[in-house]
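These are my notebook entries on one structure.

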Amino acid sequence: MTILVDRSHTDQNGDESVEKNQGNVKEEETELVLDSGFEAPHTNSFGHTFRDYDAESERRRGVEEFYRANHIGQTVDFVRKMREEYGKLNRTEMSIWECCELLNEFIDESDPDLDEPQIEHLLQTAEAIRKDYPDEDWLHLTGLIHDLGKVLLHPSFGELPQWAVVGDTYPVGCEFDESIVHHKYFKENQDYDNPSYNTKYGIYTEGCGLDNVLMSWGHDDYMYLVAKENQTTLPSAGLFIIRYHSFYALHKSEAYKHLMNNEDRENMKWLKVFNKFDLYSKSKVRINVEEVKPYYLSLINKYFPAKLKW
């Protein structure tokens, strides 16, 4: 199996830099055989450290404005409305792979690390996992499908605004933890001063389990509903990863642990494994789609029906 990767070299100071063609900004590409474990790169596809929301880049201001809209709009009422509407799964019927191809039309405006079409990231993630965990085929497939809920951006799914589809997720119905990126904008959320929602536990109880917690609405929760209601045979850890892979306040800052139960804690071990590949595979790596497609079609047939309700 080969992929295309940017050629780089290490200078005398030990810093990795991309070779340029005599000042031309176009990077040279070469083939690399992935016959060893996945190694996380030091920088994202823009040359910055990963998840740096303050780095001066062409995307920083747009990302911050995205989170302002997100933090204002994600209320308990909004989440309940979206879950009721989209939980009906009455939009269309299509296969997993058809959804992968449909997603190729979009770029995630909340992501400071990536500006490639989504199918690139899906395959980057899945193939990186496959190298380190060759026997966990359910995890390979989870890598491929974890972002398919972003079809909510498509006109046939209501063309929801990006702030209601992508970005970091977090519970609503309790206080917004300060570790959430651009936390300051929650002050404009109508739930911020609501005494029923702005305490540590809010409408929840200690150890209630994350399955009983309302998460901010977006592609994570939608794909979780799609997989669950279409009776996937993925293990519970796969569903947990799909629903909480953007819940960075939990798996990076350990916020909201007081709401977890024992099953959540067990599944969290796999989410931490997955997160390494989801985040750090976001680089200028190109996957040969036609070469890997038969393998992933076989996994889809193993864990999902031929057509799903969306």
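Which residues does UniProt list for "binding site" (unreviewed entry), His121 among them? I found His121, His146, Asp147, His219, His245 and Asp278 in that record. UniProt positions are in the numbering used here, feature names are shortened, and annotations may be inferred rather than shown by experiment.

Ground rules, noted before going on. The model is predicted, so I take local features only at pLDDT of at least 70 and side-chain atom pairs only at pLDDT 80 or more, while totals for chains, interfaces and linings use all residues. Residues are numbered from 1 along each chain as its sequence is written, and side-chain values use heavy atoms, with hydrogens and water left out.

Entry: two residues from that list. I looked up His121 and found it in helix 4 (residues 118–132); helices (H or I, at least four residues) and strands (E, at least two) are DSSP runs, numbered from the N terminus. His121 is buried, at 2% relative accessible area. Buried means under 20% relative accessible area, exposed over 50%, and partly exposed in between, with a 1.4 Å probe and protein chains only. Asp147 sits in the loop between helix 5 and helix 6 and is buried too, at 3%.

Entry: a further set. UniProt also places "binding site" (unreviewed entry) at Arg51, Asp108, Glu109, Ser110, Lys150, Gly167, Asp168, His245 and Ser246. Asp168 lies in the loop between helix 5 (137–145) and helix 6, and I noted it as buried at 8% relative accessibility. Ser246 is in the loop between helix 7 and helix 8 (248–251) and is buried at 7%. Leaving out residues up to four places away in sequence, Ser246 touches Gly167, Asp168, Thr169, His219, Asp220 and His251; contact means heavy atoms within 4.5 Å.

Entry: loop residues. Thr75 is in the loop between helix 1 (60–73) and helix 2 (76–86). Its relative accessibility is 7%, so I count Thr75 as buried. Beyond its neighbours within four places in sequence, Thr75 contacts Val172, Asn189, Gln190 and Asp191.

I then looked up positive phi values. Leu89, a residue other than glycine, has phi near 50°. Leu89 falls in the loop between helix 2 and strand 7 (93–94) and is buried at 9%. Gln231 is not a glycine either, and its phi is about 60°. Gln231 is in the loop between helix 6 and helix 7 and is exposed, at 66% relative accessibility.

Entry: helix 3. Here 6 of the 8 residues (96–103) are buried, so helix 3 is largely enclosed by the rest of the structure. I list the buried ones as Ile96, Trp97, Cys99, Cys100, Leu102 and Leu103.

Entry: the second largest pocket. I noted a volume of about 240 Å³. Of its 16 lining residues, Asp211, Tyr224, Phe240, Glu263 and Asn267 are the closest to its centre. Helix 6 (219–229), helix 7 (236–244) and helix 9 (262–280) each give two or more residues to the lining, and helix 7 has the largest share, 5 residues. By class I recorded 6 nonpolar, 5 polar and 5 charged residues.

For the terms: on a 1 Å grid over the protein atoms alone, a pocket is an open set of points where a 1.4 Å probe fits, with protein on both sides within 12 Å along at least five of seven lines, and lining residues have an atom within 4 Å of a point. Grid points are joined across faces, edges and corners, and the volume is the space filled by probe spheres set on them. Ala, Val, Leu, Ile, Met, Phe, Trp, Tyr, Cys and Pro count as nonpolar, Asp, Glu, Lys and Arg as charged, and the others, Gly among them, as polar.
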